[in-house]
Amino acid sequence: MKDSSKIFINYRREDTSGYAGRIADALASEFGENNIFIDVTKINTGSDFTEVITQALDQSRYLLILIGNTWLNCKDSAGNRRLDNTDDFVRKEISLAIKRKVKLIPVLLEDARMPDAGALPDDIKDLCKWQAIEITDSRWKFDIERLIKSINLRKKLFVFNRKLVLPLLLILAAAMAFGIWKKSSNENIAHSSTPKDYYRNAKMFELSGDFANAQKSYKQYLKFNLSYIDPHLSYQSMLKSQEGINAARQEYKALLSTHATVVTMFANALLADREVAITSLLQLVKQYPDFAPAFYELSNEYSQDKLGERSLTEKSLEQTYLAEFLHLDSLGYNQKYYIDKAIAIQQTKDAVSRLKQAGYATAALKSQVEMIYMLANDGWHLYTNIGEPAVKIYYKFNNDTGYRATGLTGYQRSGREIPDPNMFVGRLKNGQYPVSVKYIDTKGQEQGPFSFMLDTQKERIISVKKNLAQMNWVSFQKYDNRLLVYFTSLLSNRDVIKAINYSLNNESLSQTFPVQPWTKGGIPEMQEDIYVDAPSSTKFIAVKLTFIDGSVTELKRFDNDAAAE
């Protein structure tokens, strides 16, 4: 392996392959791709797997061990636990790293907790001595930043001049010596008295693996009841990785009973299952409408990272909460809750980026359901245009007492049967008819009802005007030495056309063609009188229409093509 990989990512494909690539990309953008080793990208076809990973570990300073819910008990095709197999590559990589004194960083995913040493083979039991870092979808960027900070690799900022190597090494050695002295003299504060002292000691104990003293220091810090969120995040992460999510919930339930501040209520909500967390956060913003962190967390609950495929409603909720968060953030109501301002700054950048991507959601939600009306010979057809995939569609028309399902089309989309968007309501006299539609989205949530009003006269006039703009209103035909002018096209729309005014060879519109009113509903039947006799010298006809709503068309001329020949 030509590249010098400083960070080796160990993972099991069945367990955390979906996370491995994302974490590798995040670390590569920080430290450079040459400093990251992940088997799918670094092992060439035909290479000896064992030899390659051995060489990679020899050149690595850190081994990241990605641990998901199935990591400990994942089984092979024979039903045996993979970790019990000495040839299991996940176990081999960890064992080799321990022998070569590579620093281990267990990375807990999907709310997994650190395995007990007794559950591990002897050659990898030392894994339990190392401090774990939890990474969650809802706080992905924050947790990745914590991971990056725990890795002591520097980016290459410039290339050394060989003549400067020795002086620089001397300076570096002196700086390291000073740093070691300073660290040893300030390892922890023996007589803590301030919140800052306790928080610093908690972090130092945690980094050294002394979790009992770390927990004591965290508890002492929390007694000061300060309005900072990041100490809670660090404490929760340690509790979950060492004792599990239920222990963390019990700890914060007890804390909430004595310190019911907005920050402890927020921290308590972060430990809950999604539905409970959302309810708690909504109650929180109702009580504290200026608490920006809750709006950011609510936006995360409806993000693509959290949900994957989302409904229009979920996309719109993400946008709403992001917009409110950024508004409050601009007023200074987010950064003040963080000791490490970089966390708040990163949240702002993330919110701005996501809001740009979600900008279409509100517009789409306003037209979430559109209704299209069409009149055919058999009567009125209604078509529902829904802005997202639906599982079922229901409608209620006019005086219906309940909703009716539209049924299925017989086609499928992504393995799901498509509901029929069409509704037939038959012949209707001109009037206004209420329509109500609701549907079930792909998440099983009912959306609606959405209310519409079918105004048959209005819709029919719109449709007729549109059609008339694309057709000839009259036609000239010779019959038995006579010139006949037919008004058939116009008369097929006599349900909405009130009057036809016309004139021959001039634009005076001095004559009126008789239109028999149609009120039975549906497409009108043809009336008896459909044409007029015209002089054989007629070169054109001028026509103007009046509709039953009082609107009038412009004058239009239609030439007698036969007269021009």
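Two rings of Phe, Tyr or Trp form an aromatic pair if their centres lie within 6.5 Å. The structure on display, a predicted model, holds 18 such aromatic pairs.

**Stop 1: a stacked pair**

Select Y218 and Y235. Their rings form an aromatic pair with 4.8 Å from centre to centre and 25° between the planes. Planes under 30 degrees apart count as stacked, so the pair of Y218 and Y235 is described as stacked. Now display helix 8 (residues 211–222), which contains Y218, and helix 9 (residues 230–243), which contains Y235; the pair therefore ties together parts that are 17 residues apart in sequence.

**Stop 2: a tilted pair**

Select Y486 and Y531 next. This aromatic pair is tilted, with 5.2 Å between the ring centres and 45° between the planes. Y486 belongs to strand 16 (residues 482–486) and Y531 to strand 19 (residues 531–534); the pair links distant parts of the chain, 45 residues apart. Y486 is buried, at a relative accessible area of 17%, whereas Y531 is partly exposed, at 35%.

**Stop 3: helix 1 and helix 5**

Two packed helices are described by the angle between their axes and the distance between the axes. Select residues 13–31 (helix 1) and residues 140–150 (helix 5): the axes come within 11 Å and cross at roughly 60°. The two helices are therefore oblique to each other, and their crossing is right-handed. Which residues meet here? On helix 1, show Y19, R22, I23, A26, L27, E30 and F31; on helix 5, show W140, I144, L147 and I148. The residues of this contact comprise nine nonpolar, no polar and two charged.

**Stop 4: helix 13 and helix 16**

Finally, select residues 292–301 (helix 13) and residues 341–357 (helix 16). Their axes come within 12 Å and cross at roughly 45°, which makes helix 13 oblique to helix 16. This crossing is left-handed. To view the contact, show Y296, S299 and N300 of helix 13 with Q347, D350 and R354 of helix 16. Among the residues of this contact, one is nonpolar, three are polar and two are charged.

Conventions. Residues are numbered from 1 along each chain as its sequence is written. This is a predicted model: local features need pLDDT of at least 70, side-chain atom pairs count only at pLDDT 80 or more; totals for chains, interfaces and linings use all residues. Side-chain values use heavy atoms; hydrogens and water are left out. Axes are lines fitted to C-alpha atoms, for helices over the stretch in contact, and angles run from 0 to 180 degrees between N-to-C directions. Helices (H or I, at least four residues) and strands (E, at least two) are DSSP runs, numbered from the N terminus. Angles under 35 degrees count as roughly parallel, over 145 as roughly antiparallel, 65 to 115 as roughly perpendicular and the rest as oblique. A crossing is left-handed if the near helix is turned anticlockwise from the far one by less than a right angle, and right-handed if clockwise. Contact means heavy atoms within 4.5 Å. Ala, Val, Leu, Ile, Met, Phe, Trp, Tyr, Cys and Pro count as nonpolar, Asp, Glu, Lys and Arg as charged, and the others, Gly among them, as polar. Rings of Phe, Tyr and Trp (its six-membered ring) pair if their centres lie within 6.5 Å; planes under 30 degrees apart count as stacked, over 60 as edge-to-face and the rest as tilted. Buried means under 20% relative accessible area, exposed over 50%, partly exposed in between (1.4 Å probe, protein chains only).
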